[in-house]
Structures are given as structure tokens and as C-alpha cells.
Amino acid sequence: MEHAARSEKILCGLDNQYYRATLKSMGFTGDDLKRPVIGIANAWSECVPGHFNLRQVAQRVKDGVYRAGGTPIEFGVIGGCDGMGQGHDGMHYILPSRELIANSVESMAQINLFDGLVLLGSCDKIVPGMLMAAARLNIPCIFLPGGPMEGGVVFDGRQSDQTSSAEAYGMLSAGKITEAEYTALEDLSCPSCGSCSYLGTANTMCSLAEALGMTLPDGGIAPATSAARMVKAEETGIKIMELVEKKITARQILTDGAIRNAIKVCLAMSGSTNAVMHLTAIAHEAELSIDVLNEFDRLSATTPQIAKINPSSKYNMIDFYRDGGVSRMMEYLAAMLDTDAMTVTAHTVAENIADHKYPYPATGLVIRPADDPFGFTGGVAVLRGNLAPDTGITKPGAFDKSLHHFEGEAICFDSEEAAEEAILAGKVREGHVVVIRYEGPKGGPGMREMFKAMKYLYGRGLALSTALITDGRFSGTNNGCFVGHISPEAAEGGPIAIVHDGDRIVIDVEKRSLELLVPQAEIDTRLAAWKRPEPKFKKGWLGLYCKIAASGSEGAILKYDRL
């Protein structure tokens, strides 16, 4: 027997009384169980400021589902805050949690045979994890975040955020500010809930969810505390019912064209380097043919940078929203986009652009037209060379052009903590290239972010005179000369493992190269003598993860054939 909706398989017919009785024990009515059932995957918690408002958001989504004739059933999803995991063992779990999130959403959708899903989450690994699940399930899905937080008190020439505290600690260690100035930020830098106010990975991925067509226009970036956020929530509940009725599934939206649109928007806003890895993983789950890494490389040469948001400028995400946000960017980039791509509005990108009503007039301060851009190439770049045979990722749109060619002397560390201690102790000097290795997906494990190291360099006045390279990752808020995601990673015998203190390294953004100035014969000799280290974790989730995680260049996906 064929069923018009997935849920009918367990909710219709005399033989399915068991399932109806189970749901009725929680107060669902017979009428509720005759309607399409929509799962509300809610990553609400009191651990994550970006998720703190998701109870209220979820209620408005439910209102919309009810209003449109469906029955919402809410369930919880884990979600860790990258900020809370920074600089300690907790960061080992952050990237691996992306896979747990995808698996948990998939599990609940299949256990309960939901007809559609609304995915509620805002932060770094939660957004891609949920989108990966949508691609894997291929049922009607809409993603909706909780929105960005307000900017804090002005510090160092811009509205502050929690990362200002890390920069300020570097300043304090260098004697540039007083302890009173430093401690004042604690109460004033984060004035509301919401995803971080800058263009970090969280807000990059929320923006790209819009660009992919998986979020309603403006749904990715309307402020967390705004009425607009609640309006979008109810609209999302209504719209998921239309997608279910029209049988518009996630893979009809997550196409090669949609991924390419998201890449162009990411390049045009100088989004987080982590987006390269997450879009790769989403494309993998959707079983697409597109090579995301090569597309970033190819398109960066022709995609103008038309938006500048902190850390590329002093303007934050709410400034970006008020200047037109992703919708205005896509309007300005329309000639370069696949505007026939379907979206969760049940309309194409072109139709969304034509119908969009901007709540605020354009200022031109955050977003510029494509013929008058901030830069004529994209803000994210893919580098290759003898130090990164399979690539490394950098973000030239977020740092000074004087750093687009940097040659310096290596100072090497085998962990994030060792590098941070050396920076604060003044051991890192002008002209150094800080090398942090054994922090990749397998070696870390979990590909930790070198957030604090970069912020400490900035705070100590070294942002324009040093560089940092790593097989780990970077927070989207980092600026300064950096290269991350270096593949192969050190734990897999990549060349970054055999760099010595004092070696010369050249980072050349224009040539897209990362080179170790050591003769190839010497590199070969060092690699032959290298010995693979013992895994840092041999049991539990991380013990499994470090066995099967792929490299950053492959999206750090899980390769089960390695078992």
C-alpha cells in the first residue's frame, strides 16, 4: 500500500492503533494525527547564546504549522558553543559534534516518519549538521536560526563582542590597557542572546543557508531580539506545510547550482574559512558531483567582494541585516548566480529577488553593488604548495593587503596550548610564522580552532608582522595572515609535520601558494624519518572519530570504510 505522506504508514488504519495510542498519551488528539506531522528539531539550550531564544522561536513555528493545517512534534538536538569550547579539551568535540547532530536528526526523522522538518539552530557546527541531515533524508525541510546578537560597548574602534575579551587579554599582557579596562568588557560586550554579532562561522553558515535556498529570505540574519525573528518563525511553519503539499524535498533545493550560489555569496562576503569544509560535507550528503574546494578556488578569481562585516570591517551582523543582508547581496550578484534554483519559498532565486521587500534603505556602508565592490576577487582563497599539497584555506578579505605576501621564520608548536603560552610569554616576535600542528581532524582530534592564538597576536600588536599556519581551523572572527585546514595534516604525515624552527616559509595569496623554503631532498629525508604519533584518544566517541575522519580538504566527513 502506497501512502500519500510518510506519517500515514504508522498513523492510518486499524492496525496502527499502537502508534496513535502512544502519541495520544502525550495529549495529541485523533484530529492531530490525521494531519501531516512536522518534526521541529530544536537545538535550544542554556549552553549557547545563539540558541537561548529558540523556545520562543519554536512556539511561533508551531503556531504556523497549526495555522497551515499540520501537527508539529518537537524534539531536542544537542549543540555546543564553539566559544565555550575554545582553548581547552572541549574543542576536540566541537567539529565531531557536527556528525552527531546530523545523525540524531536523521534518527528522529526516521524513527517518527515525519512528513517534513523545521530545523532550529544557529551556531557553528549545528547549522551544517542540520543541513547535512536534510540532504541525507531528502524530505521537505526548512532551516531557521535564532538570529544574531546585538553589538556590545565600543572597544578598539568598533562595537565589542566576546572575542574582544581575548584581544583585550593580549593587550593586557603587553601592558597596553589597564585591568579595569579589561574587566569592564565582561558585562558589556554581549548585551543580548543570539549568535555572535560578527561574521564568524555561525553567521556565515546562517547566511549561506539563505543563499542555498534552505532558509526563508532574511530568516538567516534577522536579529535574535527582533519582532522580525518571530515573524519569520511563523512564516516558516506555514511554508513547511506548502513544501510538504508540493513534495518539494531538500535535494530539489540542495543542487550543484545552489552550492555554487552559496560559494559565491561566501566569497563575496569574505565568510568564514570553515564554510569550505561545511559546504563540502553538505554536498557529499546530497550526493552531488560538485567539487566544492575547486569551485572556491576557481570562483575566487571572478567573484567580487561586495560585503564587509566584522572582522573585515567595523560593521556587525545587524548592520549587515539593515543594509539588505543576503537578499541584497544576491540581488547585486544576480548576473553571476543560478537564479533558476528552487528555494524553500517554493519559488526560485529569481522570483525571491523580484518579490523581496527591504525593511531598511540601503546605506552602501556594508554592501556595495557588484560594479563598485570592496575588492574584485573573493575574500576566501585556496592555497597549494609543498607545505599544503592537498590545499590550505585562507581569508584575505579579512586582513591587510600588505600581508598577502608574507615570508618569515617558522616557530613550531605541536599543540594549540603550547603556542598560546609562548605568545603570551613574548616568545613570538615580528617576522615569525607560527606553525601549530597535530590539530587536524585525526591528529587533534577534531580540528580545533586557533582562535585564541590569533587574538593574542592581535592584542600584543603582532597582527601585521606575524603569520600563523595550521592543520587546525580558525574562528570566523580571526584576522591577520593565517592559513588553516592544511592537508594532509601532520598526523597523516603531511609536510607540516616536518617543519623545523628557523625554516623559512612563504605565504603568497596572489600566487595561491604556501611554500617551505627547504630543498626537496631535505624534505624527503625528514618525511622518511617521521613517525606517526599515537592517537590522543583510544576510546569513546573521539576514539572512533579519529579513526574515520577525513582530511579538511575532504570536508572532515566520516569515512566508514576506514573501519
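This is a predicted model: local features need pLDDT of at least 70, side-chain atom pairs count only at pLDDT 80 or more; totals for chains, interfaces and linings use all residues.

User: Okay. Is Leu563 buried or exposed?

Analyst: Leu563 is exposed, since its relative accessible area is 66% and anything over 50% counts as exposed.

User: Give me an example. What does Lys62 form a salt bridge with?

Analyst: Lys62 pairs with Glu74, and their closest N and O atoms are 2.8 Å apart. This pair links distant parts of the chain, with Lys62 in helix α3 (residues 54-67) and Glu74 in strand β2 (residues 71-76), 12 residues apart.

User: And is Lys62 buried or exposed?

Analyst: Buried, because its relative accessible area is 18% and the cut-off for buried is under 20%.

User: Got it. What about Glu235, which residue is its partner?

Analyst: Glu235 forms a salt bridge with Lys232, and the closest N and O atoms are 3.3 Å apart. Both of these residues lie in helix α10, three residues apart, which is about one turn of the helix. Lys232 counts as buried at 16% relative accessibility, while Glu235 is partly exposed at 34%.

User: Where are Glu407 and Arg504 in the chain?

Analyst: Let me start with the contact itself. Glu407 and Arg504 form a salt bridge, with the closest N and O atoms 3.6 Å apart. They link distant parts of the chain: Glu407 is in strand β9 (residues 405-413) and Arg504 is in strand β13 (residues 504-508), 97 residues apart. Glu407 is partly exposed at 39% relative accessibility, and Arg504 is partly exposed too, with a relative accessible area of 35%.

User: Which residues are linked in a network of salt bridges?

Analyst: Asp82, Asp124, Lys125, Glu449 and Arg473 are linked that way.

User: Switching to helices. At what angle do α9 and α13 pack?

Analyst: Helix α9 (residues 201-212) and helix α13 (residues 274-285) pack at about 45 degrees, and their axes are 10 Å apart. That angle makes α9 oblique to α13. As for handedness, α9 passes α13 in a right-handed crossing.

User: Now the backbone. Which peptide bonds are cis?

Analyst: I can point to a couple. The bond from Asn310 to Pro311 is cis, with omega near 20 degrees, and Pro311 is in the loop between α14 (292-299) and α15 (317-322). A cis peptide bond also joins Gly444 and Pro445, where omega is about -15 degrees. You'll find Pro445 in the loop between β10 (432-436) and α19 (451-459).

User: And what is phi like at Leu113?

Analyst: Leu113 has a positive phi of about 50 degrees, although it is not a glycine. Leu113 lies in the loop between α5 (94-112) and β3 (116-120), and it counts as buried at 17% relative accessibility.

User: What about phi of Lys247?

Analyst: Phi of Lys247 is near 55 degrees, which is a positive value in a residue other than glycine. Lys247 lies in the loop between α10 (227-246) and α11 (250-253).

User: Last one: is Lys247 buried or exposed?

Analyst: Lys247 is exposed, with a relative accessible area of 53%, whereas Leu113 is buried.

How values were computed:
Residues are numbered from 1 along each chain as its sequence is written. Side-chain values use heavy atoms; hydrogens and water are left out. Helices (H or I, at least four residues) and strands (E, at least two) are DSSP runs, numbered from the N terminus. Buried means under 20% relative accessible area, exposed over 50%, partly exposed in between (1.4 Å probe, protein chains only). Axes are lines fitted to C-alpha atoms, for helices over the stretch in contact, and angles run from 0 to 180 degrees between N-to-C directions. Angles under 35 degrees count as roughly parallel, over 145 as roughly antiparallel, 65 to 115 as roughly perpendicular and the rest as oblique. A crossing is left-handed if the near helix is turned anticlockwise from the far one by less than a right angle, and right-handed if clockwise. A salt bridge is a side-chain nitrogen of Lys or Arg within 4 Å of a carboxyl oxygen of Asp or Glu.
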